[in-house]
Amino acid sequence: MPERLYEPRKAVHNKRIDGPFRRFKWLVMLVTLGIYYVTPWIRWDRGPYAPDQAVLVDLANRRFYMFSIEIWPHEFYFVAGLLIMAGIGLFLVTSAVGRAWCGYACPQTVWTDLFQHVDRFVDGDRNARIRLDAAPWTWSKVARRAFKWSIYLFIGFWTGGAWIMYFADAPTLVEDFWRGEAASVAYITVAVLTLTTVTLGGFMREQVCIYMCPWPRIQTAMMDEKSLLVTYKDWRGEPRGSVKKAAKNPDRFGDCIDCTQCVQVCPTGIDIREGPQIGCITCGLCIDACDRVMDDIGRPRGLIDYATLEDCEREAAGEAVKSPWRTLLRPRTIAYTMIWAGIGGALLFALGTRSHTELTVAPDRNPPFMLMSDGSVRNSYTLKIRNMESRPRAMEIAVEGLPGALMWTDTINRDEASATQRVTVPADLVRAVRAYVAVPVGTAPQQFEFRVTSLDEQRETDVVETRFDAPEDE
Amino acid sequence: MANKRIDQPTGTPTVGHEWDGIEELDTPLPRWWLWTFYLTIAFSVGYVIAYPAWPMIDRATEGVLGWSSRGELAEEMSAADQARATVREQLARIPIERLPEDGPLMQQAVAGGAAAFRVNCVQCHGSGAAGSQELGYPNLNDDDWLWGGDLKAIEYTLAHGIRQAGDDETRSSVMPPFAGAFDTDQLNALTDHVLAFSGKAESNPVGAQIYADNCAACHGIRGEGDRAQGAPTLNDAIWLRGSSREAIKQQILNPRMGMMPKWEGRLDPVTLKMLAAYVHSLGGGEDFVEVAEDPEVAVDEQP
């Protein structure tokens, strides 16, 4: 028999617990899942030319809608900025309150928590589950497992099902989906996300955090002696001894009675008393468990508690601990906050001041200029006028800085040539206009400008400099 | 000769040959490699049966699937044609005079014409349709038209060509050569008179007289040209054969005359319509005014 090539997983059967941190976890789960499932169904009126879904990633038309914000592909830097903010936000949270993201808000945590509740609902609490795991495969166990896994599949399906709602009009998509008329990519996405949700949340669980996720490794580099951690105060707890032993020999034993409640409730199956470790996602459930035991045996709470390493040392030495505000407000957190707010402010400023009208100009290069029969010289340009408002807008195109220039277009005849022309750009689209510009005999080659102005109360304008080519001399 | 032995350090047999003291180990193949090899053999047998493979005398064996790269191309082309069928049918039905009324269809026609232009026309007129003065290919972007610049006239020119031998309806005009007819002074005077139309020289009585006697019948008394005969306008800025005195003299004495092939029969009527729309869209296209009464211009309305 060869050596085993891997270490088999030790299943985690965490015990039910109630307490402030557990209730906070419920609240966060409710809020995050609520946001996830409800958001695609929020409506937002944008007029007749744009979708009325508040948050929509419209890949087919290459638009991203988020309430009153509409982002075009060329503005992807907004999304990049948001991602940078999310990254720095994580840095901030980590340096202030440790791995709070891991413990409460990470989807892996939320879904694992959900699946663990399903386990408890179907198979009972910790001891019942351990027994069932060890039990032989009887029909009743098969039935139980089938029932539990079908609930897993159901959760996975709704996870994937909600995801696709962000990419199309939700009510229409639901109807099409059940009729079998939705795009194949919708079914594939749901299938893939069902599979990954069931695999990652239902079966892999804490192994994702411990072995797969890079974030715990990065976080260890970001924490210092001033970061809040879930800490077992070994100076108070050790050496461990039962209540009976401690009653006989009060000076020899610490507060920890080695009841292992903290281990039993841990969703990643670690022993917090071994000190800070990568498997600890700082969810605080062991604090709930330990506090309850301490209450029961009449010892002070906080044997396991959120604390900084610095404070632990102080407390151990009998000094006064610092105010929590000193932990939250220190140069590092303030710097992160300022960077985060700075990027956010810049994004908001860019968003608030961006123009919804844009012009690009491509001069014809073959031929660069054209002699007309009256001796005038004509150049041709392709103008692309971008209307980012969700309504058709009249725009004025003007030729500036080119004396005597007359312009006509592919839709406006030469009889009506003039230095300014009006066109209508359809809602939320780019319109390409072929513009012909002619100048009188003898005009030299020179630079000039096209100006586009929206003919509404916004009066948005964009100017592009370009070249007028002409024969050098006759 | 073969002298197989077991190589001691590796425990692997050798193939039994030796070259200047160098031997080769007979290392067994990895099993996965061997199976992959067998699989490729099995695949090749299937492939030879299913697809064209063995070269025969005039062509390869056909394969039971009947696939061929030409067939695949034909399928793709016909799929593309299918996709365009509606537009083509609409274009076939609409008389070209009414095409500009239908904006979207006109746009489709211009786009289709641009594609056809790149295949059939760029050889002479250039990819930018600017022609070539040196070679006498007209510029199609400007507003000077020898035979008319509205959609119908352009389509007619496309269909029947210019000076196309063997087409009775082709556009045809002849500039007679005047070599030997004038002496140098007369030629200079005539050239001055012609240049005077566009203000590039002083007119003079001698030149005016020669012009009136020999040229005005076709080119008009003020050099305004005549599209019905394809006589070029002489009083504008555009000179197909050049505007220098030399070029003009050359064109009087030994005129060069271009030729445009007829495309009817080589391109289908819808493509001709699209080409006409494209050329018309280049910036010099005219509305229907003058050529409306030209009796020779007929539109092929048969789809």
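This is a predicted model: local features need pLDDT of at least 70, side-chain atom pairs count only at pLDDT 80 or more; totals for chains, interfaces and linings use all residues.
Trainee: OK, chain A. How many helices and strands?

Mentor: Chain A comes to 17 helices and 14 strands. Those are DSSP runs numbered from the N terminus, helices being H or I with at least four residues and strands E with at least two.

Trainee: And is chain A spread out or compact?

Mentor: Spread out: the radius of gyration of chain A is 33 Å, well over the 23 Å that the globule rule gives for 474 residues, so chain A is more spread out than a compact globule. The radius is taken over C-alpha atoms, and the rule is 2.2 Å times the number of residues to the power 0.38. The C-alpha atoms of chain A fill a box of roughly 115 × 60 × 50 Å along the principal axes.

Trainee: How much of chain A is buried?

Mentor: 28% of its 474 residues. Buried means 20 or more other C-beta atoms within 10 Å of the residue's own, exposed means 12 or fewer, and partly exposed is in between, with C-beta atoms placed from the backbone.

Trainee: Let's do sheets. What's the strand order in the sheet of 3 strands?

Mentor: That open sheet in chain A has the order 1-2-3, with antiparallel pairing. Two strands pair if DSSP finds at least two bridges between them. Strand 1 (55-58) and strand 3 (69-71) of chain A are at the edges, each with a single partner strand, so one side of each has no neighbour in the sheet.

Trainee: How many bridges join strand 1 to strand 2?

Mentor: There are 4 bridges between strand 1 and strand 2 (residues 63-66) of chain A. A:Leu56 stands opposite A:Tyr65 in strand 2.

Trainee: And the order in the sheet of 4 strands?

Mentor: It's 11-9-13-14 in chain A, again an open sheet with antiparallel pairing. Strand 11 (420-425) and strand 14 (461-468) of chain A are its edges, each with a single partner strand, so each has one side without a neighbour in the sheet. Strand 13 (residues 446-454) and strand 14 of chain A pair over 8 bridges, and A:Glu449 has A:Glu465 of strand 14 as its bridge partner.

Trainee: Switching to chain B. What's in it?

Mentor: Chain B has 10 helices and 3 strands. From the N terminus on, the elements run β-β-β-α-α-α-α-α-α-α-α-α-α. Its radius of gyration is 34 Å, while a compact globule of 303 residues would be near 19 Å.

Trainee: Which residues of helix 3 in chain B are buried?

Mentor: B:Met106, B:Ala109, B:Val110, B:Gly112, B:Gly113 and B:Phe117. What covers the buried residues of that helix includes helix 2 (69-93), helix 4 (122-125) and helix 10 (269-281) of chain B.

Trainee: Last one: how many residues of chain B are in contact with chain A?

Mentor: 13 residues of chain B are in contact with 12 residues of chain A. Contact means their C-beta atoms, placed from the backbone, lie within 7 Å.

Key:
Residues are numbered from 1 along each chain as its sequence is written. Chains are lettered from A and ligands numbered from 1 in the order in which they are written. Two residues are in contact if their C-beta atoms, placed from the backbone, lie within 7 Å.
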